[in-house]
Amino acid sequence: MKAVILAGGLGTRLNPYTLIVPKPMLTLGKKPILEHIIEWLKESKKIDEIILSVSYLYKLIKNYFEDGKRFDIDIKYIRTKQPMGTAGQLKAAEKLLINNGTFVCLNSDHVYKFNVDEMISQHFSFKAFVSMALLPYKIIIEKEFINVRENSKGKENNSYSIIGLEKEKETGGLINFGCYIFEPGILQTIPSSTIFPMDIVMKKIIDEHKELIRGYIVKQELIDLGDKRSYLDTFTKFL
């Protein structure tokens, strides 16, 4: 299988670091973020080729990884003249994907740790069109909450009974953190030659074809490098 890494963004939330270095080439420990991702993909027994969809400061990426021989994996490049958004960067790689079956697609601002082969196997087992890696999260909100109950007799008056107070409240859900298994038909849902985000593509598929999309729940620490604070926190941990 092929894996597409979307590595063409400007990384504006990481300025000024990304003024001279593309976000995927910022270091964690002694390696660029992108090298950590490639090493993770190499652990797969199913993935044998990586496509880097690049744009901003792409020569720094290409000069470092070259054809992938130094990393024992085949690497090819698709370059857009300007960043095209996550889905737009994927669309740019269409000619390398359309006739090659199921593929992996992932963002370049996370460090992934889970077993991607298990996710691929589940995708085939459910005959999914899209599989999306999801990360559980919980948040404790430390505020004083008032618990209320609606009065059945006073609905027309918007009347409620106060039944208690709480000092904190827990809420949670699932985060999409940018790793997908796609069937090649996904490329037909993305317009050509235009900036296009992945969340619009996902929303359309969920709204129109819920039965074709599967979630794969991952249990790992979220290593998100989307802004300066998260990058510096992660950089410190790697040191």
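Visitor: Why is Ile186 called buried?

Guide: This is a predicted model. In it, Ile186 has a relative accessible area of 0%. Buried means under 20%. So Ile186 is buried.

Visitor: Where does Ile186 lie?

Guide: Ile186 lies in the loop between strand E11 (169-182) and helix H5 (198-208).

Visitor: What makes Phe103 a contact of Ile186?

Guide: Contact means heavy atoms within 4.5 Å. Phe103 is listed as in contact with Ile186, and so are Phe129, Val130, Val201, Met202 and Ile205. That list leaves aside neighbours within four places in sequence. Lys91 is 95 residues from Ile186 along the chain, and their C-alpha atoms are separated by 9.2 Å.

Visitor: Why is Thr86 called partly exposed?

Guide: Thr86 has 28% relative accessibility. Buried ends at 20% and exposed begins over 50%, with partly exposed in between. So Thr86 counts as partly exposed. Thr86 sits in helix H3 (residues 85-92).

Visitor: How do you know that Thr86 and Met198 make a polar contact?

Guide: A polar atom of the Thr86 side chain lies 2.8 Å from the backbone nitrogen of Met198. The limit for such a pair is 3.5 Å. The value falls within it. Met198 is also among the residues in contact with Thr86, along with Leu6, Asn107, Phe196 and Pro197. Ile195 is 109 residues from Thr86 along the chain, with 8.3 Å between the C-alpha atoms.

Visitor: Ser55 is in a loop. Why is Ser55 called buried?

Guide: The relative accessible area of Ser55 is 6%. The cut-off is under 20%, so Ser55 is buried. The loop runs between strand E4 (49-54) and helix H2 (58-65).

Visitor: Which backbone oxygens does the side chain of Ser55 reach?

Guide: The side chain of Ser55 reaches the backbone oxygen of Thr80 at 3.0 Å. Ser55 also reaches the backbone oxygen of Gln82, at 3.4 Å. The limit is 3.5 Å. Both values fall within it. Beyond four places in sequence, Ser55 touches Ala7, Gly8, Thr80, Lys81, Gln82, Pro83 and Gln89.

Visitor: How do you know that the buried residues of H4 line one face of the helix?

Guide: The buried residues of H4 (residues 116-125) are Val116, Asp117, Met119, Ile120 and His123. Seen down the axis of H4, they fall within an arc of 160 degrees, so they line one face.

Visitor: What is found at the start of H4, and what follows H4?

Guide: At the start, a side-chain oxygen of Asn115 reaches to within 3.0 Å of the backbone nitrogen of Asp117. After H4 comes Lys127, with a positive phi near 50 degrees.

Visitor: What makes a set of residues a nonpolar core?

Guide: The members are buried residues of nonpolar kinds, such as Leu, Ile and Phe, joined through side-chain atoms within 4.5 Å. The largest core here has 42 residues. Those with the most contacts inside it are Ile5, Leu41, Leu52, Ile61, Phe65, Leu106 and Phe114. Helix H1 (residues 33-42) gives the most to this core, with six residues. A second, separate core of 25 residues includes Tyr180, Phe182, Val201 and Ile205.

Visitor: Which residues does Ile61 touch?

Guide: Ile61 touches Ala7, Pro22, Pro24, Met25, Leu34, Leu52, Val54 and Tyr77, not counting residues up to four places away in sequence.

Visitor: How many helices and strands are there in the protein?

Guide: There are six helices and 13 strands. Of the 239 residues, 44% are buried.

Methods. Residues are numbered from 1 along each chain as its sequence is written. This is a predicted model: local features need pLDDT of at least 70, side-chain atom pairs count only at pLDDT 80 or more; totals for chains, interfaces and linings use all residues. Side-chain values use heavy atoms; hydrogens and water are left out. Buried means under 20% relative accessible area, exposed over 50%, partly exposed in between (1.4 Å probe, protein chains only). Helices (H or I, at least four residues) and strands (E, at least two) are DSSP runs, numbered from the N terminus. The arc is that of the directions from the helix axis to the C-beta atoms. A polar contact is a pair of N or O atoms within 3.5 Å; within protein, one must be able to donate a hydrogen and the other to accept it, and residues adjacent in sequence count only if both atoms are side-chain atoms.
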